[in-house]
Amino acid sequence: MELGMVGLGRMGANMAERLVRGGHKITGFDPDADARKAVAACGAAAVASLQALVQALPTPRAIWLMVPSGKITDDTVNTLMPLLGAGDAVIDGGNSNYKDTLRRAQLYTTRGIGYVDCGTSGGVWGLKEGYSMMIGGDEKTVESLRPIFETLAPRKDQGWGRVGPVGAGHFTKMVHNGIEYGLMQAYAEGFSILGHKQEFNLDLHQIGEIWRYGSVVRSWLLDLTTDALGKNPTMQGIAPYVADSGEGRWTVDAAIELNVPAPVITLALLERLRSRDTDSFSDKLLAAMRNEFGGHPIKKE
């Protein structure tokens, strides 16, 4: 199957390479000339504009977007729309907010253009391991794209599926990432407790290796965590600053809208926000309060 790809960053380029290896013809576009050169090196074609991408594809066209959520996706979708025709399809494989996806899909549907949202997980390991894909969209449109999903997935019949109508894919991926926040926080806290029990002189990498086999807490995330501990047991040189790309916030927003209690995911998000406050006014004020009501000493900077 022939596919156009927009966004040839690391994940997009890896996906293009996996598709080429699977026998698909890929034409890619990225505004970065170096990214275009890199994807061409793996056997895909590369063009210098969205217009050239559309012209290079046979009809009905299928174009996969792998660009950051928000304005960049909007700009790309809006530029592509007048260039495409009835029967064509666009797949948004990025981490868009599902509400934005619903808005974009409505515009495309009025023109007879298919719009599919594909929440994609797998990160830098996807080229080797395959990608987990949570897909939303019209059943007929999704089915027409089956060869693409089967090639990108870990197995033809595993790790991917249509989970519902358009918007459902990104909604499912949003919750997936919210769960990821909670899992990451639990592992980080657990290993921190182990590390602080200094009289036992525990080897965190060794413990991670033990847990990886037979333990109820084993997971791929634990595999990666253990690998990180083996490379850098004390996390030397890493700033205690944890970024977020939005999905955790959207998950908490959805939980509130749906009246669903989600304390673990919410607290994991708050911990990420807390990690960025290097000069915490609230913590200083807490120390001052204790001094005011109890005369407790204040630690000076």
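Mentor: Angles under 35 degrees count as roughly parallel, over 145 as roughly antiparallel and 65 to 115 as roughly perpendicular, while the rest count as oblique. With that in mind, and remembering that this is a predicted model, consider helix H9, residues 168-196, and helix H11, residues 220-231, which pack at an angle of about 40 degrees with their axes 11 Å apart. H9 and H11 are therefore oblique to each other, and the crossing in which H9 passes H11 is right-handed. On the H9 side the contact is made by Leu183, Met184, Tyr187 and Phe191, which meet Leu221, Leu222, Thr225 and Leu229 of H11. By class, the residues of this contact comprise 7 nonpolar and 1 polar, with no charged residue.

Turning to the cores, the largest nonpolar core has 27 residues, of which Leu3, Met5, Trp64, Met133 and Phe149 touch the most other members. Two or more residues come from each of several elements, including strand S1 (2-6), helix H2 (33-41), strand S6 (114-121) and helix H8 (146-152), whereas the largest share, 4 residues, is given by H1.

Definitions and conventions
Residues are numbered from 1 along each chain as its sequence is written. This is a predicted model: local features need pLDDT of at least 70, side-chain atom pairs count only at pLDDT 80 or more; totals for chains, interfaces and linings use all residues. Side-chain values use heavy atoms; hydrogens and water are left out. Axes are lines fitted to C-alpha atoms, for helices over the stretch in contact, and angles run from 0 to 180 degrees between N-to-C directions. A crossing is left-handed if the near helix is turned anticlockwise from the far one by less than a right angle, and right-handed if clockwise. Contact means heavy atoms within 4.5 Å. Ala, Val, Leu, Ile, Met, Phe, Trp, Tyr, Cys and Pro count as nonpolar, Asp, Glu, Lys and Arg as charged, and the others, Gly among them, as polar. A nonpolar core is a set of buried Ala, Val, Leu, Ile, Met, Phe, Trp, Tyr and Cys residues joined through side-chain atoms within 4.5 Å. Buried means under 20% relative accessible area, exposed over 50%, partly exposed in between (1.4 Å probe, protein chains only).
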